[in-house]
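Look at the sequence and the model first, then read the points below.

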Amino acid sequence: MIIRIDSLDDPRLGDYSHQTDVALKKAQGTEHGLYLAESALVLERALRAGHRPRSVLALGASVDQAIQLVGEDVPVFSGPPELLEELTGYLLHRGLIASMHRPALPSVSSLLEDARRIVILENVADPTNVGAIFRSVAGIGADAVLVTPRCSDPFYRRAIRVSMGTVLQVPWTRTGDWGSAREELVASGFHVAALALEPGAVALREFAASAPERVALMLGEEGYGLTREALDAADTIVQIPMAHGIDSLNVAATAAVAMYTLAR
């Protein structure tokens, strides 16, 4: 369903009209809110994950591509580039952007059931870091990601864009307080390893040499690292030895190095 637009009066365009991620998450008339998927690649990954599109905003040659992906029952809006830029506040240099229904998040127990390597993000605030972590651990082989309540939302536009849509491929959900989270992890047979600069921490390679069958790798927020509650919930504190007087890596780089070292 191609809808040519020559004005911004159509209320169905509201999903794209300078909307914040928080506003989209609370969008009226939806069960779990919305998120935006930029580019045909990300839209394709969203559809492959079973996510439902509400509409697509497409530019020029991307209209046919959008129709091929979503079919003829989903509205595909198109118009002059300057009008679409006025609507969204940015140039659609990736050709298209889709308004997607957020899926219901799975339970923690369902994600842990068949997993062997998972990543836990505690309070990671920057969506760029969240997206980069997802892209790294998806490519290296994490089975699932858990995020704490104060962690940036993986469905935020920037996180999805930086991850190249891998936040739509790697199963993830939010976890509760550390007491209940540790109970579920232990009940599922996970060894909890925290990446932190703590006295007596085990070198990553040493830990990986005899790593347990199931490992939950915890990473903390930018600058401050893991909270004391998270460290107390860990079975082992692990660190990546540094050179040249550097104390640590960026959290996204740390995730990539640690997952690669622990990969099987």
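Which residue forms a salt bridge with Arg116? The partner is Glu213, and the closest N and O atoms of the two are 3.3 Å apart. A salt bridge here is a side-chain nitrogen of Lys or Arg within 4 Å of a carboxyl oxygen of Asp or Glu.

The model is predicted: local features need pLDDT of at least 70, side-chain atom pairs count only at pLDDT 80 or more, and totals for chains, interfaces and linings use all residues. Residues are numbered from 1 along each chain as its sequence is written, and side-chain values use heavy atoms, with hydrogens and water left out.

**Salt bridges**

- Side chains of opposite charge can pair when their charged atoms come close.
- The search of the whole structure gives 11 salt bridges.
- Arg116 sits in the loop between α5 and β6 (117-121), and Glu213 in the loop between α9 (204-209) and β11 (215-219), so their pair ties together parts 97 residues apart in sequence. Helices (H or I, at least four residues) and strands (E, at least two) are DSSP runs, numbered from the N terminus.
- Arg116 is partly exposed at 33% relative accessibility, and Glu213 is partly exposed at 48%. Buried means under 20% relative accessible area, exposed over 50%, and partly exposed in between (1.4 Å probe, protein chains only).
- Asp15 and Arg54 form a salt bridge through their side chains, at 2.7 Å from N to O. Asp15 is in the loop between β1 (2-4) and α1 (21-25), and Arg54 is in strand β3 (residues 53-58), 39 residues apart.
- Asp15 is buried at 8% relative accessible area, whereas Arg54 is partly exposed at 30%.
- Another salt bridge joins Asp153 and Arg102, with the closest N and O atoms 3.0 Å apart. Asp153 is buried at 2% relative accessible area, and Arg102 is buried at 8%.

**The largest pocket**

- A pocket is an open set of points on a 1 Å grid over the protein atoms alone, where a 1.4 Å probe fits, with protein on both sides within 12 Å along at least five of seven lines; lining residues have an atom within 4 Å of a point.
- The largest pocket has a volume of about 460 Å³, a volume being the space filled by probe spheres set on the points.
- Its lining has 22 residues, and those closest to the centre are Leu195, Ala196, Leu197, Gly225 and Ser248.
- β12 (236-239) and α11 (251-262) are the elements that give two or more residues to this lining.
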